[in-house]
Amino acid sequence: MTGVMRRDTLTGMPAAEDLLRTTPIFSRLSPDDRRKIAAVAAVREFARGDTIFEQETPSDAFYAITSGRVKIFKMMPNGKDVILEVFGPGDPLGAVAAYVGRPFPASASAIEDTTCVVIPRDDFFRLLEQHPSLVRGLLLGFTTRIVELTNRLAELTGGRIEPRFARLFTKLAAEMGRAERGGTFIPLPLSRQELADMTGTTTETCIRIMSRWGKENIVRTERDGFVVLSPPELADLARE
């Protein structure tokens, strides 16, 4: 595993307790319960391209992203990697696997410089045993994450390829898009290979679709992301 372990008391980073407050699965906890978790948490920084954890390795910790973005990808039976999701600030990583004590079902890698709050599994479960109120506050967050990832995998394995691309860009525009550059700018520079992995197709197919969309002024590719130029056309494609 790569990355540099840093305690917030040494780095001047925001306190782990404050960072946990912004993470949905921890936001339902009482301030007292968050303080208990923060006491055993650490802050870890990952550079772009760093591996956070690998598929089928022991789930020894919970991770919560506080800045940056992380791709979650899984190797399929045919040997091809499929990107299941791109997570950003406030999202948990590896929470369900660590909670049930199973190996990570997918790998995680930073696609830009990323900071995470890391909670060792053993320390976390010691807190759960000592403070049962923590369990109630976490169950909803974990359940929601399982449903989201299950739906995501279903999207990737069925239907035509172009609607998958349309649903992906519609989702990214809704989550991180901002009005500029003559459309909705998505500040996430993804390679053609990464786009193909996220939609379960080949790089060649991705190149054809993105080239055509650029010519038809649906989505334009830029050095630092993408610009959705025609949301109505994208929405129509997503429904096919």
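**Close-ups of helix H8 and its neighbours**

**View 1. Where helix H8 crosses helix H10.** In this predicted model, the axes of helix H8 (residues 161–176) and helix H10 (residues 203–215) come within 11 Å, crossing at roughly 65°. As for handedness, the crossing of H8 and H10 is right-handed.

**View 2. Side by side: the residues in the H8 and H10 contact.** On the H8 side, look for Ile161, Glu162, Phe165, Ala166 and Phe169. Their partners in H10 are Thr205, Cys206, Ile209, Met210, Arg212 and Trp213. Sort the residues of this contact by type and you get eight nonpolar, one polar and two charged.

**View 3. The four-stranded sheet.** Here's an open sheet of four strands, paired antiparallel, and the order reads E10-E11-E13-E12. Strand E10 (178–180) and strand E12 (219–222) sit at the edges, each pairing on one side only. On average, and ignoring direction, neighbouring strands of the sheet are turned by 35° against each other.

**View 4. Zooming in on E11 and E13.** Strand E11 (residues 183–186) and strand E13 (residues 225–228) run antiparallel, and three bridges join them. Check out isoleucine 186, which stands opposite phenylalanine 226 in E13.

**View 5. H8 against the sheet.** Back to H8, which packs on the sheet and touches E10, E11, E12 and E13. The direction of H8 makes about 85° with that of E11.

Notes:
Residues numbered from 1 in each chain as written. Predicted model: local features only at pLDDT ≥ 70, side-chain atom pairs only at ≥ 80, totals over all residues. Heavy atoms only, no water. Axes fitted to C-alpha atoms, helices over the stretch in contact; angles between N-to-C directions. Helix = DSSP H or I, 4+ residues; strand = E, 2+ residues; numbered from the N terminus. Left-handed = near helix turned anticlockwise from the far one by under 90°. Contact = heavy atoms within 4.5 Å. Nonpolar A, V, L, I, M, F, W, Y, C, P; charged D, E, K, R; others polar. Pairing = 2+ DSSP bridges.
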